[in-house]
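Here is a friendly walk through one structure. Keep the sequence and the coordinates open as you read.

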Amino acid sequence: MFNLRRHLSFLLLGALGLIVLPYFISSRFYIDVLTLIFFTAYLGQSWNILGGYAGQFSFGGVMFFGTGAYVSSILLTTFGFPPIFGIFLAILGGAFLGLIVGYMSFRSGLKGSYFALITLAFAELLRVLANSVEFTGGGVGLFLTYAPGLSNLQFETPVGFYYFALVLMFISIVIVYWLEGSRFGAQLVAIRENEDAAEALGIDTLRCKIYAIMIMGAMGGAAGTFYSQKYLYLDPPIAYSIHLSVEMLLVTIVGGMGTIFGPLVGAFVLHSVNEVARHFIDTPGLSLIVYGLILIIIIGYLPNGLIGAFKKKGKKSGSSSLDKKRSREDS
Amino acid sequence: MISASLSMLPAAIINGFMYGAIYALVALGLTLIYGVLHIINFAHGAMLMLALYAAFFLFDLFNIDPYFSILIVTPCAFIFGYLIYRYGIGSLAKGKDQNILLITLGLSIIIENGALFFFSGDQQTVNLTYGFDAFDLGFMYLSYPKVISFFAALLMCATLWAAMSLTDLGRAIRAVAKERQGARLVGINVEHIFAVTFGIGIACLGAAGCMMLPIFYVDPYTGNMFVLVAFTIVVLGGMGSVVGALVGGFIIGITESVGGLLLGESLGQIGISLIFILILIFRPTGLFGSKV
């Protein structure tokens, strides 16, 4: 387990560094890239709770994001409901969706690839629904008006959104830190390592897994509000894009599953690689080829993610024992 | 409105059968790979797209009919699949399922964007001399390509089923699928069988690509459209079941075309994901699957 006391000064220094960083960066571009890194790390962290700690891989994590985005945006455009309160309803909406999806799939005992696939299908179902009904704006999408102000969670400068994303990411780290020390977190890890044994020990595995997906859903909901207030536009392919689902699992796995800083490290590395590749090679497609290659190399040679690679005494870390246990759940 | 829809129902069902056979072919490769290797091949859609491009360029550059290209593309796809598993996926993943999943994901990113880079994002189609000829069934017209693809797909399924049931290779593949360790103990080269299975799965895609080209367009993102459809068929039919893939393909093809007719273009797509969720919740072994 991660020892906070030992690293506290280092962590505070890092946090302080991120807080004052915008005063040293004048380029809008770098602020935007960092904002996106925090945003992805935050989503990755939400995936990490269910995937990394509880061992339940989801391929449709985007559904919570999209639903949260629609909740706060529709409340804003239809009723003029301010997003600063709307974000809490988005969180509730995401958690509620998590409850439904979690109950339906865990109740019927789905695990491994089957669970991954059903989340993919739920995301697709919601995309088709959002495309077909009136109140989401259908395929045309929703346009939000730009009116900077805290009540709208919109800001005049990119730095405002930088701090918004930074706060979200800090919160996610605090949640996962709490998880690591809590009884609930230990129960999730027990489920990941051996679900039958956990059940035999008296852990209510169904309830734990549903709580975990609800936390993931709640976090995803808030991310949706962030996105729609920053980019001011929402349509079904954006709200329920499979690419975002993939990205949140990617940053977590590349960084290190079941670790506090895995998603942040993964998001930072993958985004940096992407930006550097795009900078040097400005032909459509080519930068992403490099991105895919690096992904394969990391998976092939750093099986425990980047965090695992730097931790020599890997036996105690969560991610390495995970790899030994995980496999063949579906065989 | 409703009566107009109902009068078009037989046509929609027949169309569903035509598309269903082709979907089945895409799903066939996936179900085989899943049944034996227990992995989700995320690059399945991207590889289908490559096969479509291969058939397209054979037609565009050498004027080879897509149906004839089956004989060229299918073996090439097999070799491609074999090599990419043996020297790429298999050796990099070191036997961990989760790694295989991510490596195929990375592969799909590379293939998709490679296609974007080399072939541009434009949609490509072929114009066959017989592309607009059609059978007149009295209540509908059925284009030649659809009919040819339908029967070619059936033939492919039958061939694969026979190969899996009757040949030594098929037996070895089924042995590895059921019990890896046991298969190794009786002298089967498991790594080789894995790669062969992956190759056959991709070969199915090669054939599917050739049969789809006269009916669909191709661009670097074409494959994505078929990924969820193929997964649904695989789950519906039962992971690893050839017959299941065919039946599942028909069900999905008909659901899609009848759903589109009754619910409209947009909401009609809902049938596929709905079936997928319901089958996973109520019968995760699928219609023809034996075990979870």
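## About the model

This is a predicted model, in which local features need pLDDT of at least 70 and side-chain atom pairs count only at pLDDT 80 or more, while totals for chains, interfaces and linings use all residues. Residues are numbered from 1 along each chain as its sequence is written, and chains are lettered from A and ligands numbered from 1 in the order in which they are written.

## A helix pair in chain B

Let's start with helix α3 (residues 44–62) and helix α4 (residues 66–93) of chain B, which pack at an angle of about 130 degrees with their axes 10 Å apart. Helices (H or I, at least four residues) and strands (E, at least two) are DSSP runs, numbered from the N terminus. Axes are lines fitted to C-alpha atoms, for helices over the stretch in contact, and angles run from 0 to 180 degrees between N-to-C directions. α3(B) and α4(B) are therefore oblique to each other; angles under 35 degrees count as roughly parallel, over 145 as roughly antiparallel, 65 to 115 as roughly perpendicular and the rest as oblique.

On the α3(B) side, the contact is made by B:Ala51, B:Ala54, B:Ala55, B:Leu58 and B:Phe59. Facing them from α4(B) are B:Pro66, B:Ser69, B:Ile72, B:Val73 and B:Ala77. Two residues are in contact if their C-beta atoms, placed from the backbone, lie within 7 Å.

## The loop and a buried residue

B:Asn63 sits in the loop between α3 and α4 of chain B. Its phi is near 60 degrees, a positive value in a residue other than glycine. Is B:Asn63 buried or exposed? B:Asn63 counts as exposed because it has 7 C-beta neighbours inside 10 Å. A residue is buried if 20 or more other C-beta atoms lie within 10 Å of its own, exposed if 12 or fewer, and partly exposed in between, with C-beta atoms placed from the backbone.

Helix α4 of chain B also holds B:Ile84, which is buried, with 20 other C-beta atoms within 10 Å. B:Ile84 and B:Phe198 are 114 residues apart in sequence and 8.8 Å apart in space, C-alpha to C-alpha.

## Where the chains meet

Between the chains, 31 residues of chain B are in contact with 39 residues of chain A. α5(B) gives the most to the side of chain B that touches chain A, with 13 residues.
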